[in-house]
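This briefing is for a reader who is new to the structure. Please look over the sequence and the model before reading the points.

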Amino acid sequence: MTDKTRAERKLGFMLCAPAVIMMLLVTAYPILYAFILSLQKKDLRFPDESGFVGLSNYVTVLGSSLWWQAVFNTAFITVVSVAIELAIGMVIAIIMHRAIFGRGAVRTSVLIPYGIVTVVAAFAWFYAFDPGSGFVNHLPFIADDKAWFGGRFSSFAVIIMAEIWKTTPFMALLLLAGLATIDESLYEAARVDGASAWQRFTRITLPLLKPALLVALLFRTLDAFRVFDSIFIMTKGAQNTESVSIVGYQQLLSRLNLGLGSAVSVLIFVLVLMIATAFVKGFGTAVPKGN
């Protein structure tokens, strides 16, 4: 290594150091502190009973049917909502990419739901489906007395629809950015060779859109896996609709059990880490070695 290279590397470390330190303070420290709390019996209702209990909180959480039900609920909401968002988002992205007239108006109108605060959107969907104040029960083919939040799967249906309506524009925006990087000459060459629209989509668009798909699916999956606002506003976890985030909230803030709540938080972090790793490995688009 030459002196110039060594000096450039040193300068690079010095420039990155403030950002690395800040990231450690705002991310690594809370995670480490949550892990330490998860190894203790720490219930604010019984402060005299605090003490080190090792992995006991994890055993309690992992042995609870409530936790596994919340994991299933979260996975169900995540898989269904992200799959539908990907399909709709792809269609919207292609329309926005190909639109010749009114492209600005189309993009603006599509992005409006994403600009609404999640809590506000959740309240809007709650009041729309509420039998007392909503308009949905007055639509054709829907019973006037249908209690959407009185059943588990009808509650899931409304929650998933709210998630799809709110975040599909985000998926479409990321896919649109990926479509913009594809060279149009590839499509022109494929047309000359007689490729159909479906063949151009499967053999040009999808392979070249792989990095954008990874980013879109990864971001939305992680975001959907942390679903909290919609469930909290619409059901508050009733009808067996708790997500893992709702379980963590109930332990930390409702029951003031910092030990169990921290164990839930650490387990959520581990699940999120596993999802991110699986996506990167599955798509095969990890950063090349040496870069």
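Predicted model: local features only at pLDDT ≥ 70, side-chain atom pairs only at ≥ 80, totals over all residues.

Residues are numbered from 1 along each chain as its sequence is written, and side-chain values use heavy atoms, with hydrogens and water left out.

**Overall build**

- The protein chain has twelve helices and two strands; helices (H or I, at least four residues) and strands (E, at least two) are DSSP runs, numbered from the N terminus.
- In sequence order the pattern is α-β-β-α-α-α-α-α-α-α-α-α-α-α.
- Along the principal axes, the C-alpha atoms of the protein chain fill a box of roughly 75 × 75 × 30 Å.
- Of the 291 residues in the protein chain, 37% count as buried; buried means under 20% relative accessible area, exposed over 50%, and partly exposed in between, with a 1.4 Å probe and protein chains only.
- Among contacts with a separation of 6 or more, 68% join residues 24 or more positions apart; a contact means heavy atoms within 4.5 Å.

**Helix α1**

- Helix α1 bends by about 40° at Ala17, and the proline Pro18 follows within four residues; the bend is the angle between axes fitted to the seven residues ending at a residue and the seven starting there.
- The buried residues of α1 are Ala34, Leu37 and Ser38.

**Nonpolar cores**

- A nonpolar core is a set of buried Ala, Val, Leu, Ile, Met, Phe, Trp, Tyr and Cys residues joined through side-chain atoms within 4.5 Å.
- The largest nonpolar core has 44 residues, of which Val61, Trp67, Leu175, Leu209 and Val244 touch the most other members.
- At least two residues of this core come from each of α2 (56-62), α3, α6, α7, α8, α9, α11 and α12.
- Leu175 is in contact with Leu86, Gly89, Met90, Ala93, Leu209, Ala212, Leu213 and Ala216, leaving aside its neighbours within four places in sequence.
- Another core, of 20 residues, lies apart from the largest one and includes Trp125, Val158, Ile164 and Val227.

**Pockets**

- On a 1 Å grid over the protein atoms alone, a pocket is an open set of points where a 1.4 Å probe fits, with protein on both sides within 12 Å along at least five of seven lines, and lining residues have an atom within 4 Å of a point.
- The largest pocket has a volume of about 500 Å³, where volume is the space filled by probe spheres set on the points, which are joined across faces, edges and corners.
- Its lining has 22 residues, and Arg226, Val227, Ser245, Ile268 and Val272 lie nearest the centre of the pocket.
- Elements giving two or more residues to this lining are α1 (3-38), α6 (152-180), α9 (210-225), α10 (229-234), α11 (244-254) and α12 (258-283).
- Helix α12 gives the most to the lining of the largest pocket, with six residues.
- The lining of the largest pocket divides into ten nonpolar, six polar and six charged residues; Ala, Val, Leu, Ile, Met, Phe, Trp, Tyr, Cys and Pro count as nonpolar, Asp, Glu, Lys and Arg as charged, and the others, Gly among them, as polar.
- The second largest pocket holds about 160 Å³ of space, and its lining residues include Ile94, His97, Tyr187, Arg200 and Thr205.
- Helix α8 provides the largest share of the lining of the second largest pocket, four residues.

**Single residues**

- Thr205 lies in helix α8 and is buried because its relative accessibility is 5%.
- Beyond neighbours within four places in sequence, Thr205 is in contact with Leu179, Ile182, Tyr187 and Arg200.
- Trp165 is found in helix α6 and is partly exposed, with a relative accessible area of 35%.
- Not counting residues up to four places away in sequence, Trp165 touches Pro113, Ile116, Ala121 and Trp125.
- The C-alpha atoms of Trp165 and Glu85 are separated by 8.5 Å, and the two residues are 80 residues apart along the chain.
- Lys236, in the loop between α10 and α11, has a positive phi near 55° though it is a residue other than glycine.
- Asn240 is found in the loop between α10 and α11, and its phi is near 60°, a positive value in a residue other than glycine.
- Lys236 counts as exposed at 55% relative accessibility, whereas Asn240 is partly exposed at 40%.
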